[in-house]
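Q: Hey, can you walk me through this one? I'd like to start with the domains and then look at the rings.

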Amino acid sequence: MFTALFVMTGIALVLGAGLGFASIKFKVEGDPLVDKIDAILPQTQCGQCGFPGCRPYATAIAGGEAEINQCPPGGEEGIRKLADLLGREFKPLSEEHGVEKPKSVAIIDENTCIGCTLCIQACPVDAIVGAAKQMHTIVASECTGCELCLAPCPVDCITMEPIAETVDTWKWRYPVFQIAPAALDTARQEA
Amino acid sequence: MLRKLFKFHGGVKPQTNKEQSTTAPIAAVPLPDRLVIPLHQAVGGHPRPLVQPGDRVFKGQRIGGADGSLSSAVHASTSGLVRAVAPAVMPHTSGLTTLSVIIEPDGEDRWGELDKVNYRSTPPDELRDFLRDAGVVGLGGAVFPSYAKLKPGKEGKLKTLVINGAECEPFITCDDMLMRERAGDMLKGILAMRHMLQAEEVLIGIEDNKPQAVAAVQAAIAASGQSGIEAVAIPTRYPAGGAKQLIRVLTGIEVPHGRRSTDFGVQCFNVGTAYSIYEALELGRPLISRLVTVAGNVNAPRNYDVLIGTPMDHLVRLAGPRADTDRYIMGGPMMGVRMPAFDVPVVKATNCILVGSEAMFPAPAPEMPCIRCGECAKACPADLAPFELYWFSRSKNFGKAQEYHLFDCIECGCCSFVCPSHIPLVDYYRFSKSEIWAREREKEAADAARDRFEFKNHRQEREKLEKAEKLAAKAAATREKVAADGATAPAPGSDAATPAKPAPDAAKRALIEAAMEKARQQKAQAAPKNTDQLSPDVQAEIADIEARREIVAKPAASPLPPQDA
């Protein structure tokens, strides 16, 4: 009987030591779920979700404090990806947080710009160049279209321009025919 | 000598329809009224325009400079006047525009100065730069810049150089006619490539439905007296002209997923590319024209030597299109894409203009459900499972499609050709591929934005810290200075017993004193500077104004009268 007791205690000690070692050696820094969510978010850092940036929103989703449908730039596809990742039900984009818009870049009207640097301070990705009392301009390739520069501009010289499709970004259409509902056809005939 | 040939998996045998366009020799094309030369014609970066509207250009003058690590130059196809550098509709299914140089020919067709190069005495790097600036790209249809492929592998030499004269796609005969009529010059280009790649042997693969071409190339090889070059007739089976398929047939090497043929000592070029390399090196002529087959719904199908930028309808008019023509297809019936307009220009990728009509290419039968018969898998020359790719593409499950090697698909169209349910399978794959590319672009953009955002936060933190440090250092400096002043002045009179208590107070007062003194000095310095050289009139006026100001200021300085009346 004592042998059994010793053996069990021995096993418990060895396994406990092993687990203890593993928990120190393979300690995970930060929350890997937050990283995964953050990777899906579009990184516009626009704050439309109600959090100051994409990472805080990712942390909030991981902590269960936020819904997955609060990111307008990510759109429906982003919500689908989040739903897949988190095993939650898909839900349409929440209207209070905004609507999905086509991808745009900000354009500064250089004749109107007074060089106040307010937009430079607002830009989360440093995509605006300029200096005090010098004309500012936007580095279009780095602009994420977050619209954060629109509000601080005192002379309203920034506009959002949708990005035009080029031969390089053109996509083949989905070949499945979308059949129009019959009701629509009959309505058209009656009209 | 009989060479052992190998077989690739799958493939189909569509009707070749090649005889019609091989009866007449290659014809020249009269100069059109205007040439539209898109700057972006090849794989890689967009060339930057080198001319401006109003410039006169010579034939062969560079109008688009190679930009970036993989890019190829573009040249004026004839001499004339640059009318515009503006977006024009591209020969691309999308119908979108791209920056193009529009040239009005002056009719003289005058060459500029031509640089020739002796490839035997020029270092390989210089040769590659020369070919890049001569705009030589793969003319088989992929338009990949040739200079980037003309690098021997890690060993510094190549075992086999495969020259692709298979031309498996129905209707197209431009490579066939090139080999029949210009085999000797083409061979000179092949020898140059062989020299650059240090290739041991050269195999020219030609489908056996082109006996005249095989004979012409063999005669040219015999005439040149070179050894180690062989023209091989291979069985006619679509798509034997795919690079991987031709390599398989000629050498038995199957290039696995994710590897390059150069890893196995093989590189493949089209015969048209070989000819343009000859023209570039030995004649100094950049790539400004190519052979184009005009076939299909025309009275006289034929091959033409066409200047790049010639509008397609100008070319097709020569062949006599029939009245019911309603479309142009660039390429053949299997892989070709429908053009958005009739007047789009011929580009380096245009090997064939297939003129079509409703009667000739009737709309495909309606798409039926996939019955999982597996015919497509039997036909696939890339050894893929097309039905799986179809399901994943249809359900937009792109990750899974990639797992099934979607990007090994060469879009040859064999699967759609054999599908009993008439499913346009290739359209699904193209859709999937472009979606995946778009997602990758978005992912890259998001990653870059994240990095920049994090860097901005980091920078702001750093700036805050630096500012705080600077302030602290400055405060410390003034404090020291004041302490030093205080030590010299009040030290003798101060009480030795209680030096610690009043010291902070005194120091603070001294600091405030110093700051106020500094402000006073600054105020004194900031006197208006524009009052030095004034005429007496203006000075009088100023004095007048100052006087008025004092009058106005006096009542304001006096206490306000009581409000209640």
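Predicted model: local features only at pLDDT ≥ 70, side-chain atom pairs only at ≥ 80, totals over all residues.

Q: What area do they bury between them?

A: About 810 Å², with 56% of it on carbon and sulfur atoms. On the domain 1 side of chain B, His257(B), Met334(B) and Met335(B) supply 51% of the area buried against domain 2, more than any other three residues.

Q: And how many salt bridges cross that interface?

A: The rule finds 0 salt bridges there.

Q: OK, switching to rings. How many aromatic pairs are there over all chains?

A: The search finds 10. One of them is Phe407(B) with Trp437(B), a tilted pair at 5.5 Å centre to centre and 45° between the planes.

Q: Which parts of chain B does that pair tie together?

A: Phe407(B) is in the loop between α10 (398-403) and α11 (414-418), while Trp437(B) is in helix α12 (residues 425-488), so the pair links parts 30 residues apart in sequence.

Q: How accessible is Phe407(B)?

A: Phe407(B) has 32% relative accessibility, so it counts as partly exposed. Trp437(B) is partly exposed too, at 44%.

Q: Which rings form a cluster?

A: Tyr174(A), Phe398(B) and Phe431(B) are linked by ring pairs.

Q: What about charges over rings?

A: Lys149(B) lies over the face of Phe269(B), 4.6 Å from the ring centre. Arg237(B) has its charged end over the ring of Phe8(B), 4.4 Å from the centre.

Terms used
Residues numbered from 1 in each chain as written. Chains lettered and ligands numbered in written order. Heavy atoms only, no water. Phe/Tyr/Trp six-rings, centres within 6.5 Å; stacked < 30°, edge-to-face > 60°. Helix = DSSP H or I, 4+ residues; strand = E, 2+ residues; numbered from the N terminus. Buried < 20%, exposed > 50% of the residue type's maximum accessible area, 1.4 Å probe, protein only. Lys NZ or Arg CZ within 6 Å of the ring centre and 35° of its normal. Buried area = accessible area lost by both parts, 1.4 Å probe. Salt bridge = Lys/Arg side-chain N within 4 Å of Asp/Glu carboxyl O.
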